[in-house]
Amino acid sequence: MFKKLTGKKEVKKVDESKLISIDKPIKSLPEEIKRPEEEKLTAEQQAKYDEVYKYLTNAELKVGNKEKNPTESSGLIDEERAWLTRECIIRYLKATKWHVKDAIDRILGSLAWRREFGINHLGEENGDEVTSDLVAVENESGKQVVLGYENNARPILYLKPGRQNTKTSHRQVQHLVFMLERVIDFMPIGQGSLALLIDFKEYSDVPKVPANSKIPPIGVGKEVLHILQTHYPERLGKALLTNIPWLAWTFLKLIHPFIDPMTREKLVFDEPFTKYVPMDQLDAIYGGHLNFKYKHEVYWPALIEYSKEKREHYMKRFQKFGSKIGLSEYDLRGTHETPLYPVN
């Protein structure tokens, strides 16, 4: 069970001369942060990967239009093939402990869910139904922010429930998924996971909403957990939680049985963010050097523009290298001319 730390947290005062004023996302990984080394597959793992790859590249493959009880099915579109990278397949194999059938079932389920949810086109410019205009109102208070990279080159998504500005609705889930997709856009070569920095602090400048809107109902919590654990496997690298009130602790305890053991191991409670994030990549309110002020009219268009540029780069290289399932994210996110992982 979760253990609440009782020691008083102290955020050291930042030297103002080192503060960096910023109101937009950090576009790229700084050179001083080293990406993790690639994990090589064993011969047995490669054989299992090849089995999944063979299944997914069958010309007769059909995918349902809903995660449960599909009413129709159809073949893959290019954007779905671009999502089915070498590393994507490996993530699903890892999540299923390298069980081939389970990995295939999970992948097909995620493809169907992405169609049903409206994000199977890898961006609104390609036809996604969950658009920036749809969820923009949810982020007017800056309750979710993509900003900076932690020590292991993971892009950071800040979640601030205390800045909640709307009542509980399905749009809030759409907003979270939209932001997850955007932080994935910011992933550098060689990194496939993200970091969550979750701060439950209350903010006086946010219009008041019902208290129960800041801590979602159990049903919504279970839906979000299902989405994260089932359809974003191996994506969470670290989750740092701070300023947790008793109501949030109660909520965490209630959903504890639904959190898989691997996810629990990635949760860190009430530890200084500076242990995990370089100072020049961390918001100053947590002891970093980024003097970040959320201005929706500045930040939101920049986030949409930067992430769109990264997706366009990704898709151009996907087409350049043959529009095939199994292309590597190293090649799709990179700038080199020849694929490092050619698909035979």
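## Salt bridges, a buried arginine and a sheet

Lys27 is partly exposed, as its relative accessible area is 36%. In this predicted model, Lys27 forms a salt bridge with Glu309, and the closest N and O atoms of the two are 3.0 Å apart. Because Glu309 belongs to helix H11 (residues 296-320) while Lys27 sits in the loop between strand E1 (20-22) and helix H1 (43-56), the pair ties together parts that are 282 residues apart in sequence. Glu309 is likewise partly exposed, with 33% relative accessibility.

The whole structure holds 21 salt bridges, and the table sets out three of them.

| Salt bridge | N to O distance | Separation in sequence |
|---|---|---|
| Lys27 and Glu309 | 3.0 Å | 282 residues |
| Glu38 and Arg86 | 3.3 Å | 48 residues |
| Asp185 and Arg311 | 2.8 Å | 126 residues |

The bridge between Asp185 and Arg311 joins helix H6 (residues 170-185) to helix H11; here Asp185 is buried with a relative accessible area of 11%, and Arg311 is buried at 7%.

Asp185 is also among the contacts of Arg333, together with Ile184, Met187, Pro188, Ile189, His313 and Tyr314, when neighbours within four places in sequence are left aside. Arg333 is found in helix H12 (residues 329-333). Although Arg333 is buried, Arg333 has no salt bridge, and the nearest side chain of opposite charge, that of Glu329, is 4.5 Å away.

Most residues other than glycine have a negative phi. Trp98, in the loop between helix H3 (86-95) and helix H4 (100-117), has a positive phi near 65°, and Trp98 counts as buried at 15% relative accessibility. Leu122, in the loop between H4 and helix H5 (132-135), has a positive phi near 55° and is buried with a relative accessible area of 14%.

Finally, 5 strands form an open sheet of mixed pairing, in the order E4-E5-E6-E7-E8. Its edges are strand E4 (144-149) and strand E8 (267-269), each of which pairs on one side only, and neighbouring strands of the sheet are turned by 20° against each other on average, direction ignored. Strand E4 runs antiparallel to strand E5 (residues 155-159) and is joined to E5 by 4 bridges; Val146 has Leu157 in E5 as its bridge partner.

Conventions
Residues are numbered from 1 along each chain as its sequence is written. This is a predicted model: local features need pLDDT of at least 70, side-chain atom pairs count only at pLDDT 80 or more; totals for chains, interfaces and linings use all residues. Side-chain values use heavy atoms; hydrogens and water are left out. Helices (H or I, at least four residues) and strands (E, at least two) are DSSP runs, numbered from the N terminus. Buried means under 20% relative accessible area, exposed over 50%, partly exposed in between (1.4 Å probe, protein chains only). Lys and Arg count as positive and Asp and Glu as negative; His and the chain ends are not counted. A salt bridge is a side-chain nitrogen of Lys or Arg within 4 Å of a carboxyl oxygen of Asp or Glu. Contact means heavy atoms within 4.5 Å. Two strands pair if DSSP finds at least two bridges between them. Axes are lines fitted to C-alpha atoms, for helices over the stretch in contact, and angles run from 0 to 180 degrees between N-to-C directions.
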